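Please keep the sequence and the three-dimensional view at hand while reading.

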Amino acid sequence: MAWMGLAMMVSTRLWLAGVVQGSRDRHLADHLLQQVRRCAACLRPLLVLTDGWSAYPNSIRRAFREKVKLTRGVGRACLQIWEDGHIGIVIKRAEKKRVVEITRKMAHGLQEQAEKLLRSSRGGMVLNTAFIERLNGTFRERLASLTRKSRHAARQIFALEMGMYLVGCSYNFWFPHHELSKPSHVGSPCTPAMAAGLTDHVWSIYELLSYQIAPPLWVPPKKRGRPKKQSASVPTRGNRPRVRFHKGVLCLATG
């Protein structure tokens, strides 16, 4: 059994990150939020909405924090979460497969400011997780391994991860988004990547699969442990006395 975590940007409907792991623990949440941190480094103020999983708030705090020096002089800097960062939690309680109660609360920040950021991103009037749930439905629809009952279950996590990236990239670049294409947004066929400014046209499947990405620069690993002791250098051959046999007689010679 494998677990998948997804993240998206509501204003552009852009799929930001995804993680596939064999267990649902804090490492999955940390890995997912570290990817989101790299995508949202220039986005401030920031509002992050999650469901009721208890691992998310602390992972968000660990991901969106930076060093702050509170005192002068020598001393260690403190790690503090972004001052303009807000964390909202939406917990749904269901009975007989129907949602009967929704609890909204803030794990960090002010709810009034969070709702203001939500309205500016066209994400609704109250805290919700409707957009990421719709994205989860899109992934389940297009990747058979994620359905509840499937005859195409992935036997390896690597295969499921590659399928996730294929569906996510095609969602961002290939399929025009219905809501973004409305006159209230763009008014023409628009993909999430176009709304985010990553491209200016709808990609074809050939362009998507043939696009080449340069690999990251190779960084030599750091050497750990004590440095090895250098062996004593072998003295060079020079004018020093040595022993040789000459007609059966032991004598000293030079050169």
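The text below treats the chain as a whole, then its strands, and then its helices.

## The chain as a whole

The model is predicted. The protein chain contains 7 helices and 9 strands. Of its 255 residues, 28% count as buried. Among contacts between residues at least 6 apart in sequence, 47% join residues at least 24 apart.

Strands of a sheet pair through backbone hydrogen bonds, either parallel or antiparallel. Strand β1, residues 3-9, and strand β2 are paired in the antiparallel sense over 7 bridges. Within this pairing, W3 stands opposite Q21 of β2. The two strands form a hairpin, with 4 residues between β1 and β2. Strand β2 covers residues 14-21 and is mostly covered, since 7 of its 8 residues are buried.

The loop between β1 and β2 holds R13. This residue has a positive phi of about 60 degrees, although R13 is not a glycine. Is R13 buried or exposed? Its relative accessibility is 6%, and R13 therefore counts as buried, the cut-off being under 20%.

M9 belongs to strand β1. With a relative accessible area of 25%, M9 is partly exposed. Leaving aside residues up to four places away in sequence, M9 touches L14, L16 and L43. M9 and P192 are 183 residues apart along the chain, yet their C-alpha atoms are separated by 9.3 Å.

## The open sheet of three strands

Another part of the chain forms an open sheet of 3 strands in the order β3-β6-β7, and the pairing is mixed. Strands β3 (46-50) and β7 (98-108) stand at the edges; each has a single partner strand, so one side of each is left without a neighbour in the sheet. On average, neighbouring strands of this sheet are turned by 20 degrees against each other, direction ignored.

Strand β6, residues 85-95, runs antiparallel to β7, and 9 bridges join the two. In this second pairing, I91 stands opposite T103 in β7.

In a regular strand the side chains alternate between the two faces of the sheet. Helix α3, residues 111-120, lies across β3, β6 and β7 and runs at about 95 degrees to β3.

The loop between β6 and β7 contains K96. K96 has a positive phi of about 55 degrees, although it is not a glycine. With a relative accessible area of 84%, K96 is exposed. R13, by comparison, is buried at 6% relative accessibility.

## Two packed pairs of helices

Two packed helices are described by the angle between their axes and the distance between the axes. The table gives these values for two pairs.

| Helix pair | Angle between axes | Distance between axes |
|---|---|---|
| α1 (residues 26-39) and α2 (residues 55-63) | about 40 degrees | 9 Å |
| α4 (residues 130-142) and α5 (residues 157-173) | roughly 120 degrees | within 10 Å |

Helices α1 and α2 are therefore oblique to each other, and α1 passes α2 in a right-handed crossing. The contact is made by R26, A29, D30, L32, L33, Q34 and R37 of α1, together with A55, Y56, S59, I60, R62 and A63 of α2. Sorted by class, this contact has 7 nonpolar, 2 polar and 4 charged residues.

Helices α4 and α5 are likewise oblique to each other. The passage of α4 over α5 is a right-handed crossing. Which residues of α4 and α5 meet? From α4 they are L135, T138, F139 and R142, and from α5 they are M164, V167, G168 and Y171. By class, the contact of α4 with α5 has 5 nonpolar, 2 polar and 1 charged residues.

Technical notes: Residues are numbered from 1 along each chain as its sequence is written. This is a predicted model: local features need pLDDT of at least 70, side-chain atom pairs count only at pLDDT 80 or more; totals for chains, interfaces and linings use all residues. Side-chain values use heavy atoms; hydrogens and water are left out. Axes are lines fitted to C-alpha atoms, for helices over the stretch in contact, and angles run from 0 to 180 degrees between N-to-C directions. Angles under 35 degrees count as roughly parallel, over 145 as roughly antiparallel, 65 to 115 as roughly perpendicular and the rest as oblique. A crossing is left-handed if the near helix is turned anticlockwise from the far one by less than a right angle, and right-handed if clockwise. Contact means heavy atoms within 4.5 Å. Ala, Val, Leu, Ile, Met, Phe, Trp, Tyr, Cys and Pro count as nonpolar, Asp, Glu, Lys and Arg as charged, and the others, Gly among them, as polar. Buried means under 20% relative accessible area, exposed over 50%, partly exposed in between (1.4 Å probe, protein chains only). Two strands pair if DSSP finds at least two bridges between them.
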